[in-house]
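Hi there,

Here is the structure I said I would pass on.

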Amino acid sequence: MSKTIELNIEGMTCAACSARIEKVLNRMDGVEATVNLPLETARIAVPDDMEEQTILDKIKKVGYSATLKTTPHEQVQNRRMLYRFWIAALLSLPLLLSMVSHIPNSPIHLPFLMNPWLQFTLATPVQFIIGAPFYIGAYKSLRSGSANMDVLVALGTSAAYFYSVAEMLIHPAMPNLYFETSAVLITLVLLGKVLEDRAKQQTTGAIKSLLSLQATDAVVLEQGVERTVPMDQIQTGMQLVVKPGQKIPVDGQIVSGDAYLDESMLTGEPLPVHKTNNDTVIGGTLNTNGHLVIEATKVGQETMLANIIRVVEQAQTEKAPIQRQADRISGVFVPIVVAIALLTLVVWWWTTGSFAEAIRPAIAVLVIACPCALGLATPTSIMVGTGKGAEHGVLFKGGAQLESLQHVDAVVFDKTGTLTVGRPVVVKTFGQEEALDFAAALEKKSEHPLAHAITEERDVVFDIDRFTVDAGRGVSGVIVGRDVIVGSARMMRERNLPLPDWSAAGATFVYVAVDQEIKAGYAIRDELKPTTKQVIQELQQTKAVYLLTGDRQEVADQLAVELGIPQDHVFADVLPVEKADHVKALQATGRRVAMVGDGINDAPALATADVGIALGSGTDVALEAADVTLLGHDLQQVVTAVRLSEQTMKNIRQNLVFALGYNTIGIPIACLGLLAPWVAGAAMAFSSVSVVTNALRLKRIPLSKGGHLS
């Protein structure tokens, strides 16, 4: 047996850091670790008998600090880094001006800035005080047997700084100084980190939004007295008062009152939902207009909102297969870059005979090759994509599921509760209004689902005599002295009553006979959801759509005709336990299958499919069995999930092409001496910012109804 621990990790600077921590932890028996660089978190599965401190000590030994994650992580602005940047910028500005004034025909000419001791005085605190974290990070990384971004920055800036010191002492009259190179490089790296952190904060917007839904206190009703208490004191069974404009504090059931609740943040449903006695309510939703008394049924970490936050955080922590490939590249990147830089130094020194000429391209190679952008390319896009999904009521279990959905070429739908509303409704009435009213009055005494459909359609009351139930057929009674029979076609035939020629596709008919003559009727069926036809049409543009149902073949065929699903894509009379077999059969033909069901009786099929999509529940069963959980009841969320998967993976590919292309192009240019070290530093700093900014574009992707799949 194993348990999962979650940690916040400090000290990581690039993908080499996260890869090193993963590598060390995964070597331990029974340990499986996933480290998220942008979130600075780790999710680790360990044996039950292993102490958390063992893991913390192991991470510390590698050179990083870790703490147990007791609350959902929130990225915060690193004020210390911001202060370091501004101090470095102030000290580096005169050095930058000295470099500009040294250019022939420069409009800026400040000869006093060329004084070696002045440059030494300005550069030294930048190198060893502002830049101290780079040395510490490099030392820890090398001590643990790896190399990260800190190693490259420390090597490059140290080479420029110490060469300048040597020149200043050996050739005081005409020294070749590179103090501006080391100081400006450190300043630019810090600027890149500050901008990167600010951009990364925006990628965690979904978690922040979900956390903001949590109430901080609740009003408890005890013996008619109201009192406000903190959330951690709420227990199941307590009665809570929720007034207009207040958040529902916990999951519960309405004891008294009615109101319209805004559930849009959790379910994606744009319109408030009416709730009244005995209805369930979800913690975090907003009471817009009514006075409610609810009984708490789930509190603390058991609420749906807490479950959703856990699922979103897990999705943002777990890695997609494409990310693991990028991490493997990052893991070997730094040693290769150091070797290329040394080779560049040797070749330039040998060909020019000048160490001063050779050191500039070598430093440029070290700096331009920092793999920061490569390490951020995938996780930032996954964070934004899964967060965007959560805002629309679409929960991905992890990055692997987000990646898998784009490859799906067949979508299998359960019928009842998925394509349909899940309960019978009257779709058409026939005949006399009086007879229809008689039927509604009779059906008030029945518990049959079809009876509920009729009484929902119209609400009338008559005095009824001699009420009789004919099980499985219908009901009868006497109303205002007239014999009334309400029942199925079979019941009418048994009484030798000729059936009218009425039609309604896919509907079940309930006939109403008054004084032994059929006078009216109801056409009843499990009605399609409003967006079902549109969603099927959109999916069929790029994917094969199948219908899988336990209903009779003729009902399934009629529904397939209405939706435009080919007859050979319809599987009817299927038991719940058999649904998984049909999914396997499709997979055996080479299809990559997504199964869309209600997450309860479809659990085996959801688990068998390449991607299981549980619709409209958010129950524990759905969250466990499905790869994707849709919190709302709108089928359009299926299209949203597919589109989000496709767009996120497209964004990741853009990031990887940019990050790898940047290094592939930049390193040869630096080797040829065509790239000044400070320009390389600026390009390296802004490459990471560009990758994160591109990931943030996912926030603006339209996922509204009617959007077409790519």
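This is a predicted model: local features need pLDDT of at least 70, side-chain atom pairs count only at pLDDT 80 or more; totals for chains, interfaces and linings use all residues.

Below is what turned up, starting with the whole chain and then moving to a few residues.

The chain has 710 residues, and 54% of them are buried. If you take the contacts between residues at least 6 apart in sequence, 68% of them link residues at least 24 apart. As for the surface, the chain exposes about 31,100 Å², with 56% of that coming from carbon and sulfur atoms.

You'll find Asn651 in helix H24, which covers residues 636–671. Is Asn651 buried or exposed? Its relative accessible area is 2%, so Asn651 counts as buried, because the cut-off for buried is under 20%.

Who are its partners? Setting aside neighbours within four places in sequence, Asn651 is in contact with Ser381, Asn694, Ala695, Arg697 and Leu698. With Ser381 there is also a polar contact, side chain to side chain, at 2.6 Å.

Last, the cysteines. How many disulfides does the structure hold? The count is zero. Two cysteines to look at are Cys17 and Cys671. Cys17 has 0% relative accessibility, so Cys17 is buried. Cys671 comes out at 22%, so Cys671 is partly exposed, because that class lies between the 20% and 50% cut-offs.

Send me your questions once you've had a look.

Cheers

Note on methods: Residues are numbered from 1 along each chain as its sequence is written. Side-chain values use heavy atoms; hydrogens and water are left out. Helices (H or I, at least four residues) and strands (E, at least two) are DSSP runs, numbered from the N terminus. Buried means under 20% relative accessible area, exposed over 50%, partly exposed in between (1.4 Å probe, protein chains only). A polar contact is a pair of N or O atoms within 3.5 Å; within protein, one must be able to donate a hydrogen and the other to accept it, and residues adjacent in sequence count only if both atoms are side-chain atoms. Contact means heavy atoms within 4.5 Å. Accessible areas come from the Shrake-Rupley method with a 1.4 Å probe; for residues, only the protein chains shown count as cover. A disulfide is a pair of cysteine sulfur atoms within 2.5 Å.
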